[in-house]
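User: I am new to reading protein models. Can we go through some charged pairs together, one question at a time?

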Amino acid sequence: MSMTTEVGHIRVRHTRTRLLLYMILTVTTLVGVGVTGTLTDNALQRAGGEQTDMAARLSDDAQVIYQSLAKADTSATGHFLAGTSAQATLRGRYEEAIGQIKERLADAGGLTGGDVSRATNLAAIALQLPVYTGLVDRAERLIAPAKDETANPVEARNAVGPALLGAAYLHEASSYLRTVLLPAAQRLQRDETDNLRDAKGTALWTSVAHIVLLLAAIGGLVLIQWSLARRTRRVLNLGLLGATVLVTVMLGATGWSLRNWPQTDRQLGAIEARLTEQEKLVDAERAALTAYADTYLLLGGTSPFNWEQSLGNFRLNARCGQQETVWCRTYTTSIHQELITGNNDGAVAAALPGGRFAAAFEAVDRDNTTKLAEGAGQIRLMAARVPSAPSRLGLSNVTLCGCAAVAVGLGLWPRIREYL
């Protein structure tokens, strides 16, 4: 008799433990469903049309900032070589480039969306730009007296020393822009491609995890009801049945919210590929502008490279190995050969606005700028076509999960009490 009672107590404890385990596992799964549902909602919103449009706009701002920085460097380095008329042209280009940078920084500042990385990169450019412009202005003030065509011989001789110091300031400004400002602008642009790639991947994996947990919750609830039906001979448990219905509704809502994901995924992939192409175009434009700026530094006597090294650097930056353009040939004939023959003035005239070398560069620059503008327009158009994600999916999931957890408690607790 005692043995039978002990066996009965053991069965009761096992049944009670099993029911408690059912309830804990089911509620834990529902909590996981709620968490992944919220994460999925956030990820879909991030990958949706509005966020993608923001990334496209910010990438365009970063591209213009990067390009304008390189153009400012080119104009500033050529300014001290130029005569009165060319000086005005180059100064105008420099001020236009700096103005575009400031305008795009202001626009990009409203698109950070609370992203720390974006804000940090923008702040780096905004804080370091005055350092660069300060060096350029200092160089211009020191070089200006030497460019004064009305100065008498004594004033001209006295201006040589400050002009050499100004050239050193200009070289330092160019180096600062290339080593500090350009990398910050490049990070800003590349981060947007990375952000888009991350948003796409996060949306995919959180959606998969959410669906898996939903299916696991439905399967678990069905198994628990089947187990209880066998042991208690009660066909229906209204609490568990209600929880099953709620989780099934969540699964349907999730499927509805993901109905546009294949199209979104294709669009995001196409935008990512186009952004990568834009990065290559921007890098080609930056390299061309660097080649032009280095030519000015060479002609001004502040380049650390000799003629042959400068020729090699130019051909590398101008991508002459990929295509022997008019600009590549013009450098050889109008700059390199003129320097070899001692005709520095002829080389300077070719490099300044209106010269053969300058005209060849401007054709390359126009082509690059046109391609960049067309690419940016295509990205904005593609971003506008990304389907918008449904709103409040996360809130709906959390609400339904809470109701399902309560229903599980109402369904299992009376059974547990029977074994207390």
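Analyst: Arginine 91 and glutamate 95 both sit in helix α3 (residues 84-109), four residues apart, so about one helical turn separates them. Helices here are DSSP runs (H or I, at least four residues; strands are E, at least two), numbered from the N terminus. This is a predicted model: local features need pLDDT of at least 70, side-chain atom pairs count only at pLDDT 80 or more, and totals for chains, interfaces and linings use all residues. Residues are numbered from 1 along each chain as its sequence is written, and side-chain values use heavy atoms, with hydrogens and water left out.

User: What do the side chains of arginine 91 and glutamate 95 meet in?

Analyst: Side chains of opposite charge can pair when their charged atoms come close. The N to O distance for arginine 91 and glutamate 95 is 3.1 Å.

User: Is glutamate 95 buried or partly exposed?

Analyst: Buried means under 20% relative accessible area, exposed over 50%, and partly exposed in between (1.4 Å probe, protein chains only). Glutamate 95 has 46% relative accessibility, so it counts as partly exposed.

User: How many residues apart are arginine 380 and aspartate 60?

Analyst: Their side chains meet in a salt bridge at 3.1 Å, N to O. The pair links distant parts of the chain: arginine 380 is in helix α12 (residues 356-384) and aspartate 60 is in helix α2 (residues 49-79). They are 320 residues apart.

User: Which helix holds glutamate 279, the salt-bridge partner of arginine 190?

Analyst: The side chains of arginine 190 and glutamate 279 meet at 4.0 Å, N to O. Arginine 190 lies in helix α6 (residues 160-232), 89 residues from its partner. Glutamate 279 lies in helix α8 (residues 261-299).

User: How many salt bridges does the structure hold?

Analyst: Another joins arginine 380 and aspartate 60. The structure holds 20.
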